[in-house]
Amino acid sequence: MLAEKYPNEVKKILAKYPPERKQSAVMPLLHLAQLEAGFVDRHAVVEIAGICGITETDVAEIIGFYTLYHDAPEGKLRLQVCTDISCALRGADEFLAKVCERLGIQPGGTTPDGLVTVEAVMCLAACDKAPMFQVQGPDGIAYHENMTVDKTMEFIETARKEVK
Amino acid sequence: MPVLEPIIELGRGLFTTLRSMFEKPVTVQYPEERKPVKPRFRGRHVLKRYENGLEKCIGCALCAAACPADAIFVESSENSDEKRFSPGERYASTYEINMLRCIYCGFCEDACPTEAIVLGDQYELSFTDRKQAIYPKDMLLEAVAASQLLTPQKTEPGKFTRSVPEMKDPQD
Amino acid sequence: MAKMVSLTIDGRPVSVSEGTLIVNAAKTIGIDVPVFCYHPKMEPVGMCRQCLVEVGRPAIDRATGQPVIENGQPKINFGPKLETACTTPVSEGMVVLSQSDKARASQKEILEFLLTSHPLDCPVCDKGGECPLQNLTMEHASPQSRFLFDEKHHAEKRVPLGDKIWLDRERCIQCARCIRFQEQVAGEPVLAFYQRGRSTDIITSSEPPFDSIFSGNTTDICPVGALTTADFRFGARPWEMKAAASICSLCPVGCNVTFNTRREAKSRARTGTTTAGGKVVIKRAMPRQNEQVNEIWICDRGRFEWHYVEREDRLEKPLVKKNGKLEKVSWKVAIEEIGNKVKGNKEEVVVLASGRLSNEDLFNLKQLADGLGGEALLYDSLPGGELTTKYGVSAGTNIGDMGAGTTILVAASDLYHEAPIWHLRVKQAAERGATLIIVNSEATRLDKYAKHLVRCEKGEAAKKVRELGAAVKDAKNLVIFFGADGSSALAEACAELVKSRAGKPNNGLVGVWPRANDQGALELGFKPAQDLQAVFEKASVVYIVGADPIGDGAIKTQNVKRKPFIIVQELFLTETAKLADVLLPAQAFTERDGSYTSGERRVQRFYPAVPALGETKADYAITALIAAELGIEVEGRSAGLVMDKLAAAVPAFADITYGKLAETTEQWPIIGRADLYYGGTSYQNSQGLGVPLGRENKKAEEGSL
């Protein structure tokens, strides 16, 4: 439970918003809930809904809308490749397909060892440095720009060693 | 020659009769013998099945809506994978055609989105009672070759989710 | 009075009040701008883009601030892009082109986009035949799509959102009407979008899931077949059904409904609790527009709970008790039996009627009781409810008009469960600015809209209401909804607050009755039954109509010392009916005509939807038969004739005729025409808006002006 696990953080987040607008705290709270396991579980959804005074459906809607939030467990690292139009023009689709091929998975899939999930996402605001992806993991979010397939595989191998 | 003229006419007539004695007769010895019907003949309706035995009819009642004689009556229910009659969610739980009302116009065939109802080549319909003229679904359904093809069937979940198959444009 | 704005739409001039949206302005002159996401009862969002039109505004000369005149006409500047008619308010001199090449091309292309993911399984879709997407596609779309058929989006086709509503994700066109209905109208935001773009889905993540009592309305306003009710799923095609106007009989709101009926196959076996074989049956109940009563909504009780009238154990023949057993007899024998028993004990006859009966039934029962010199009692009504006949809301009252300046007090009643549509409308009035005060011993769903929330112990509501006196005294308008709180003290306290306002529109009492026509019974002079046990023991003949006091535990049979001769008139063999000496089978409200008086004192007429069952007779006709046997003259030939007698005898109902009850006027929003995309599949009201009681006061007021 959030309130038990991170009592100070929850207090801090709620302090940022006026009490009559406490539903605004939903985004940082979701982020907090996702820190450890990489996804927001059902209990956390119910708890956050309770804290913010909104319905569970509202919380689920926010998780669904943003690619930053997840409601199902996937790989430890989420490699999110932007495939919107500007990136696509710089070869993002091909990049995504090749990375997936090298890893032996489908876009949206997870490697058998549970390390990496590769998915296509909407704009990450780095159009000029495509192909690019962001990595969402326990350490937060990192951008990897001007990528090639080889560089990506190298990154994954390093990460694999680090985790092990 | 007013005297000869009738005799010639008579002779001509007798010749015609005589000639036809040597021609092949046109009479068909019905019912021992039957003439094949034309390809687009419209006889008694048949409700078709797919090769796997599932009924093509999905109970949409468009045939009933198209019927100018109001001869068709359809009631539908929901399929499940445990008890599946047709692909998709819906099947005809009741399907009746009143053969006395039907005018064999074939509008039902045209209206059918799955080509389930077809006017067949059977034309020998007779009843001793008005109620017999109402053909229920089991009389209209096509016969199956093997009992495992009978409906309802137990089917694999997720396999038959669509009611209306992708069809080629009807050719005729 | 709002400022009027003149504009031209498709070359036709129209003048509407300031702030009106283009789509509504067009609607008033019969031009249908196609819409999917727009709904006249909800805030516009402009997300489906179907309503794009060309909009031009008069050019203004910057120097003079005057419109530029060219060739004697004001010069119109058209914007470079199309605008959504559902979000753009009208302005002076505006020129709207909804049928220009540009507008038509956009309408065509938006439909092409919407159809890229739509499965087009119209033959199996419950909405097929009354589907806005289907209609607009026929009207505006191109027969060919440029999109690849193989790239169609496939999704789950059978998702239960709750017990009553099923979702087909593939058919959904993401208009958010259902989400917005739950959020804005029902106030229970339990539906939401999930994901983005093409993978957008409707979800509910609440626990329990979609359980709103208004959930059925989302299927009406869904412009495709994505939301369907579990009750009607695959029940019938819309074009096969006939429509019969009726009034919901389950609560005192008196929602206008339409029953859709269809004849079932003769061969059909018994399904569930009803026998359908060859009979005309009700397939579904739909709302019928009455902006003063239920707008275009009904609650799920009204939508699904009419099934009881089709139960298999309905009584079909009169029964008479012989040697301790009820035996089937003819009507003649049953009535004669009653005649023999009653003739000797005329004064000791007690009529115990239920508020479930129509005005006509109740009037005839009263006539009978009066003719015999007996008593006419109303079973289990609201304590103190008779005060509503004096201080009830009068003609001209409409919760839909209430807003700032009106105070609404809800005392000891959980409107959400007792009268759901009142809950909906009171909630909306509170959102428009009405002051809502709630006095209740328990939490209700209306609490969060209340300006003042007063908690009290059970039975103490009256005290709290009295304490409120000063606070509500200055309110411009005051309407009080009161429920049962043990004694008549609450009703008296409420009446005290509105006494001085009697006769003014939007002022007065509203009783939250347990049944549909308790109000009518009291208006007709029935007395609420006090001590049933004593009544039962004192009377020699008890004529119980539509009530089940023994089943409800209001009379404990083991305590009854002397059993009177009991006549029961019922639909079913209830516990009370089992004790009857003569049991008479009545018709359900779906099988006959009649009228109810709603809690807001509106007399509304219902019509027969299905043929009567077996040998059943309408309640008013049965009463007339009994009266005739006893030599009392009571009208029983038709409900309309009974109403004529009723109107002549009861001053409150003066001038009401069946003709008047069937009158309608134009209502806004305009719904139920060919463009059912506008307001959903609610029925247009062409069978009568009803007549409110309490018109004498209004007349007096008009006279003084």
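**Strand pairings, cores and chain contacts**

Tutor: Thr258(C) has Met286(C) in β16(C) as its bridge partner. This is a predicted model, in which local features need pLDDT of at least 70 and side-chain atom pairs count only at pLDDT 80 or more, while totals for chains, interfaces and linings use all residues. Residues are numbered from 1 along each chain as its sequence is written, and chains are lettered from A and ligands numbered from 1 in the order in which they are written.

Student: How many bridges join β15(C) and β16(C), and in what sense do they pair?

Tutor: β15(C) and β16 (residues 280–287) of chain C pair in the antiparallel sense over seven bridges. Strands here are DSSP runs of E of at least two residues, helices are runs of H or I of at least four, and both are numbered from the N terminus. Two strands pair if DSSP finds at least two bridges between them.

Student: What about β14(C) and β15(C)?

Tutor: Strand β14 (residues 242–247) of chain C pairs with β15(C) in the antiparallel sense over six bridges. Within that pairing, Ser246(C) has Val257(C) in β15(C) as its bridge partner.

Student: Is β15(C) mostly covered or exposed?

Tutor: β15 (residues 256–263) of chain C is mostly covered, with six of its eight residues buried. A residue is buried if 20 or more other C-beta atoms, placed from the backbone, lie within 10 Å of its own, exposed if 12 or fewer do, and partly exposed in between.

Student: Let us step back to chain C as a whole. What is its overall extent?

Tutor: The C-alpha trace of chain C spans about 95 × 65 × 50 Å along its principal axes. Chain C has 20 helices and 32 strands, and 53% of its 705 residues count as buried.

Student: Which residues have the most contacts inside the largest nonpolar core?

Tutor: They are Val351(C), Leu352(C), Ala353(C), Ala411(C), Ile480(C) and Cys494(C), in a core of 223 residues. A nonpolar core is a set of buried Ala, Val, Leu, Ile, Met, Phe, Trp, Tyr and Cys residues joined through C-beta atoms within 7 Å. A second, separate core has 28 residues, including Cys60(B) and Phe85(B).

Student: And what is Ala353(C) in contact with?

Tutor: Leaving aside neighbours within four places in sequence, the contacts of Ala353(C) include Leu362(C), Tyr379(C), Phe526(C) and Val545(C). Two residues are in contact if their C-beta atoms, placed from the backbone, lie within 7 Å.

Student: Now the interfaces. Which pair of chains has the most contacts?

Tutor: Of the two pairs of chains that touch, chains B and C have the most contacts. In that pair, 20 residues of chain B are in contact with 14 residues of chain C. The largest share of the chain B side, five residues, comes from β2(B). By class, that side has nine nonpolar, six polar and five charged residues; Ala, Val, Leu, Ile, Met, Phe, Trp, Tyr, Cys and Pro count as nonpolar, Asp, Glu, Lys and Arg as charged, and the others, Gly among them, as polar.

Student: What does β2(B) pair with?

Tutor: β2(B) pairs with β3(B) in the antiparallel sense over seven bridges. Ile72(B) stands opposite Ile97(B) in β3(B), and Ile97(B) also stands opposite Tyr135(B) in β5(B).

Student: How far apart are the nearest C-alpha atoms of chains A and B?

Tutor: They are 22 Å apart, and the two chains do not touch. Chain A does meet chain C: 10 residues of chain A are in contact with 13 residues of chain C. Helix α5 (residues 56–65) of chain A supplies the largest share of the chain A side, seven residues.

Student: Where does Pro189(C) lie?

Tutor: Pro189(C) lies in the loop between α4 (177–185) and β11 (192–194) of chain C. Its contacts, leaving aside neighbours within four places in sequence, include Thr55(A), Thr57(A) and Asp58(A). Pro189(C) is partly exposed because 19 other C-beta atoms lie within 10 Å.

Student: Finally, what is the strand order of the open sheet in chain A?

Tutor: The order is β2-β1-β3-β4 (chain A), with mixed pairing. β2 (116–121) and β4 (140–144) of chain A are the edge strands, each pairing on one side only.
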